Amino acid sequence: CSDGRFVVEKNSLTVASPEKIKGTYDSAIGNFGIPQYGGSMAGTVVYPKDNQKGCKAFDEFDCFFALKVWNVQKAGASAVLVADDIEEALITMDTPEEDSSSSKYIENITIPSALIQKSFGEALKKAISGADMVNVNLDWRESVPHPDDRVEYELWTNSNDECGVKCDMLMEFVKDFKGAAQILEKGGYTQFTPHYITWYCPQAFTISKQCKSQCINHGRYCAPDPEQDFSSGYEGKDVVIENLRQLCVFKVANESNKSWLWWDYVTDFQIRCPMKEKKYNKECADAVIKSLGLDSKKIENCMGDPNADADNPVLKEEQDAQVGKGSRGDVTILPTLVVNNRQYRGKLAKGAVLKAICSGFEETTEPAVCLSGVVQLMVQFLFETRVMVSSSIADVETNECLDNNGGCWQDKAANLTACKDTFRGRVCECPLVDGLQFKGDGYSHCEASGPGRCNINNGGCWHKSQDGHTYTACVDTGDVKCQCPPGFRGDGINNCEDIDECKEKKACQCPECSCKDTWGSYECTCSGDLLYIRDHDTCISELMSYMDSEIRAIMAQYMPLDSQSEVPNHVSEDRA
């Protein structure tokens, strides 16, 4: 048995006419679509003769709230009022349980919606049926408190990337909103805090297989099994541990006055360490932490011992924070965004969330990002256009590549980087240079591939100039990419050392030869008037005699010669 307090977030709804129902009413903001936080919308209410519950497309009968709104949006409305079918206190219209059919329309709902009480709905319908023009005004300007020049907001999230449509939408939002969040945080305009929901295992079941696989600290902190299969794949406790790690990443980054690095870690972890690729583990997480320049030892100390039969201070604080305080209700929906202690309702979309945050600043204290790029939006309430509404859509620019190269791969010697600054924040993608595509993960590794790779920093291979000669180990063709050139030995990447052909008797070994080693090669001279032939490592007395022997050697390949056995072998078997 447990008690919870769920607070219904409301917006004001004012009826301007007719006179008999004129007044201000409460309405509950729907948890889908895009509420116009900080703004208002006016229009005429229409109640259709057919399909009055909105459960079917209007070109074709109880259903989900979200489906009703989707059908009305397709019919051309700009906002939807849904009347409750029983007389009760207002509730929040939430999205239905995830399935392939609902996910297709939920993410495409872009208009606001609100639930009204049954009695008010009946009054509206009666007025419309009596041929009255019902004009209303929906107002979200006071939906978010705006006491001062700093907005405090929090996001209740989850590191599990296999929990379906909601998780996919959450991760997409985090990636999309990262750039805006970081510039607001760096400017001191906002104070952001991430949170993670956990539950606990009842004392009587802490030794059960289910609790052991889904919980840490002897059942105190748990998460559902990602695949809902206790016999395979990742376990719930893996998710709890990663959630804990992400909390500690935020705490350590915040201590160094770089709290915005949490956004980099979370997005990078999602990209580099997905469950589907079996990389959702400590090793991959440590690589992300290292790339961002965070102190891994501090993070480990913050996480503590997951096997200890004791409270974890970080996770205990999270469980306490789940309980509602003041005007904020219990956190029961995942994900949940809270702005100035009010739970955000609606679609987690960058523009909508930024609008909600900007509405939380005291008037005249809004940062420039909330006032730039103002777009005039024509609002059609249901079927008739009535007013023009201004909404602020921030044009946010940030350059994270200037700090630690954004945690991406770079080649300082060649002045190359995988960091690209975008409107959504930095991304780590291997570069395209002079038509040559580098390949790799963009974080720890990028490598030039294909013809022309040796033209860029010698393909990452060894190269050196000495005594007027330059050698490189880069190979443009074949599977081998770095191979020491003739006259050298080594790994081809970090070093290639000169081979002493004379000392090792690799060349210049004929009786008349005199050998002198040089860097990368050798010099061989013959005694007297003899001529050294390098290709065959031999000295000959007359040029004609040499040519005759060459011709005979060539002819011997096509026809037998009586004196074939007399053809000299000019190639030393000792030659490398």
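Helices (H or I, at least four residues) and strands (E, at least two) are taken here as DSSP runs, numbered from the N terminus. In those terms, R345 sits in the loop between β12 (342–343) and α11 (350–358). The model is a predicted one, in which local features need pLDDT of at least 70 and side-chain atom pairs count only at pLDDT 80 or more, while totals for chains, interfaces and linings use all residues. Residues are numbered from 1 along each chain as its sequence is written, and side-chain values use heavy atoms, with hydrogens and water left out.

R345 is buried, with a relative accessible area of 1%; buried means under 20% relative accessible area, exposed over 50%, and partly exposed in between (1.4 Å probe, protein chains only). Its side chain makes a polar contact with the side chain of Q343, at 3.2 Å. A polar contact is a pair of N or O atoms within 3.5 Å; within protein, one must be able to donate a hydrogen and the other to accept it, and residues adjacent in sequence count only if both atoms are side-chain atoms.

The nonpolar cores come next. Such a core is a set of buried Ala, Val, Leu, Ile, Met, Phe, Trp, Tyr and Cys residues joined through side-chain atoms within 4.5 Å. The largest one has 79 residues, of which V134, Y153, F177, Y265 and I357 touch the most other members. Helix α6 (residues 236–255) supplies the largest share of this core, nine residues. At least three residues come from each of domain 1 (13–140) and domain 2 (151–366), with bounds from an automatic or database domain assignment. Leaving aside neighbours within four places in sequence, F177 is in contact (heavy atoms within 4.5 Å) with Y153, W263, K350, V353, L354 and I357. A second, separate core has 17 residues, including F32, V80, L90 and I109.

Strand β7 (residues 151–157) runs parallel to β8, and seven bridges join them; two strands pair if DSSP finds at least two bridges between them. L155 stands opposite P194 in β8. Strand β8 (residues 190–196) is mostly covered, with five of its seven residues buried.

Helix α9 (residues 296–303) has a side-chain contact at its start, where an oxygen of D295 reaches to within 3.0 Å of the backbone nitrogen of K297. After α9 comes G304, with a positive phi near 75 degrees.

Two bridges join β19 to β20 (residues 436–440), and L432 has Q437 as its bridge partner in β20.

Most residues other than glycine have a negative phi. N404, in the loop between β14 (384–391) and β15 (410–411), has a positive phi near 55 degrees and is partly exposed at 45% relative accessibility. D467, in the loop between β22 (463–466) and β23, has a positive phi of about 55 degrees and is exposed at 59%.

G487 lies in the loop between β23 (469–472) and β24 (488–490) and counts as buried at 13% relative accessibility. Not counting residues up to four places away in sequence, G487 touches E497, D498, I499, E501 and G520. The C-alpha atoms of G487 and E501 are 7.7 Å apart.
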